[in-house]
Amino acid sequence: MRIKIIILLFILCFTSFSCSTMIIGPDPENTPENNFDILWRDFDQTYSLFEIKQVNWDSAYSVFRPRVTASTTGAQLFSVISEMLDLLKDGHVNIYTSSGNYSYDFLHHKRWKSNSPGFSKIATRYLASWNANGTIAYGRLSDDIGYIYISTFGSESDKYQWIDYALTALSGVKGIIIDIRDNGGGSDSNSKTIAGRFADKKRLYRYFKYKNGPGHNDFARLQEDFIEPSGNMQFTRPAVLLTNRYVFSAAEDFVLAMKEFPHVTVLGDTTGGGLGNPVNRELPNGWKYRLPRWVEYDSEMKCYEGIGYPPDIPVWTDEESLKTGKDWVLEQAAEYLKGKL
Amino acid sequence: MFNSSRIRFFFFIGLCLITAGRTTSKAQELKHNSLTAGIGLQFTGIRDLVYSPLLYTGTEALLSLGYRRSGDSFYHGIDFFFSSGYYEAETGSQLNAQSVGLEFGYSHIIFSASENQLKLFLGGTGDISFLMRTYQLVPSIRSSTEEKPSPEIYSSANIKLSGIFHPDPKNSFSGQIWFPVISYYVRSEYTTHAADRIEVSRDATFGDVIRAGRAAGPEDYFHIGAAFSYERRLSDYFSLKTECSFFFGHVNEPLKKDMLNNGLNLKIAYLF
């Protein structure tokens, strides 16, 4: 009797478990048309920058959807979708598949080039000694001028606490150059950790609003965001922040925060203009993708999405000098700082 | 080789068998209060359109603790559970989930028959559960720091109908079904969730996150839970209970979420 009851309970459990598809409903069909439609619709209802980019998404559907049929292969679907997403010119729009990934190609479409020779050449040519943890490196350009290089804001958060070691080691300098050229971003939280070490007081540095509905203009309320002093010490003497076209996302947030401080000057090239804060999604065919979900403004409600933040002092360089390891941008920054000390 | 959790499991089964061998007293007075501890498996299916159009299914380990005080015409008690596990979609994408919950309730007798062999109760429960899910949607070529858990909190005041049938002093069958009257929940917004709010704006506090929740009637957040169990009295002080539970939840806002749980639990109760 007891055994029968227990068996009955088991059957009841397992049967209802196997019914989860029936109760919750089956997955959307994994067909080329359906994958295209799901992706197009998700962008239509989630992508936050249609108004700013001035892209007519319905027209995109009319143009690209007829190219997808039941016999479309995965490679063909990827090609059609990539072409459609190129309309957005957005570094935060990506597709990841097992056979290849999509990102908007800024080098190909906009001919953007880096103005940095890279840290190893800088270290060899300009730093007598230096220290690094794989994310942050620091050294001295001279007795008076310190140099901090931040390669990414996408590492684990504890790596950014290392900024305190850097600032302690550079405590005798009169000015610092912070180099974030080619820094493609990462986490806002990490960029705030570093920016807080240069904050003189609490300051409003940006506004943002999240997408909160399917309409292109459905946004949650505009939120203010502040940067304030953090860590044991803050560097409030003259500082120069080096930027270029490959400064994106959380690295641009860092620029927005740093530009609020009166002792910081931004020098180099305009930033990439990708501030969309992406969210990750997936399709029934297993492809993953991401797309921006907010609009961000600086403290004066200017939006640099697709434009990039222009430096206070624009400085360009040429490929030939970069190849030799000469860093014209860095040298200009050092000259500028000397004049401020 | 056995790991420590397996050893604990076999120790538990052994304890049950030893206790089952003890002679129960002839009078076998029904004790009114109990403390229970249970382990089990919970099979879950979930589709949350805020994150994915795909159905994720998987298994969670379930631990539970409970206290119950019973009288001739009522019972009340408090239960705590913890679950943890992995789910997978058809595409191989994974999701890991943990949850903790607390439920308390009071039920009063509304019907009895056959010299109290059968009793029906009507009552209310209050519950709160905290869920943490991490969708692994970030491809490996990107930084793992992008992968953030999405916390959710659900709290409901429920109506509960329950019944117990004692065919003899050693065996009993019980069943219960409950559904919400009003709920309050904190879950993902259309494109964001609580962890984003705390990370992006460091001024946001846990209190802000709680206040960002919404009150909901059954039309916005509906769930129905049911449990059926068989309890075998092992001795004057212990009983063993096998329980099959079922839970279906549906949330409308900001995008639809459906969740189905089936649990199979083994509980041992200390009676006093």
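What share of the 272 residues in chain B is buried? The answer is 49%, where buried means under 20% relative accessible area with a 1.4 Å probe, protein chains only.

Hi everyone! Before going on, please keep in mind that this is a predicted model, where local features need pLDDT of at least 70, side-chain atom pairs count only at pLDDT 80 or more, and totals for chains, interfaces and linings use all residues. Residues are numbered from 1 along each chain as its sequence is written, chains are lettered from A in the order in which they are written, and side-chain values use heavy atoms, without hydrogens and water.

Let's stay with chain B. You can find three helices and 11 strands there; these are DSSP runs, H or I of at least four residues for helices and E of at least two for strands, numbered from the N terminus.

Now over to chain A, where helix α3 (residues 32-46) and helix α6 (residues 74-86) have axes that come within 11 Å and cross at roughly 20°. The axes are lines fitted to C-alpha atoms over the stretch in contact, with angles from 0 to 180 degrees between N-to-C directions. α3(A) and α6(A) are therefore roughly parallel, the word for angles under 35 degrees. Residues in contact (heavy atoms within 4.5 Å) include A:F36 and A:W40 of α3(A) and A:I81 of α6(A).

Last stop: A:S116, in the loop between α7 (106-110) and α8 (119-126) of chain A. Its relative accessibility is 9%, so A:S116 counts as buried. Beyond its neighbours within four places in sequence, A:S116 is in contact with A:I122, A:R181, A:D182, A:N244 and A:L322.

Key. Buried < 20%, exposed > 50% of the residue type's maximum accessible area, 1.4 Å probe, protein only. Parallel < 35°, antiparallel > 145°, perpendicular 65-115°, else oblique.
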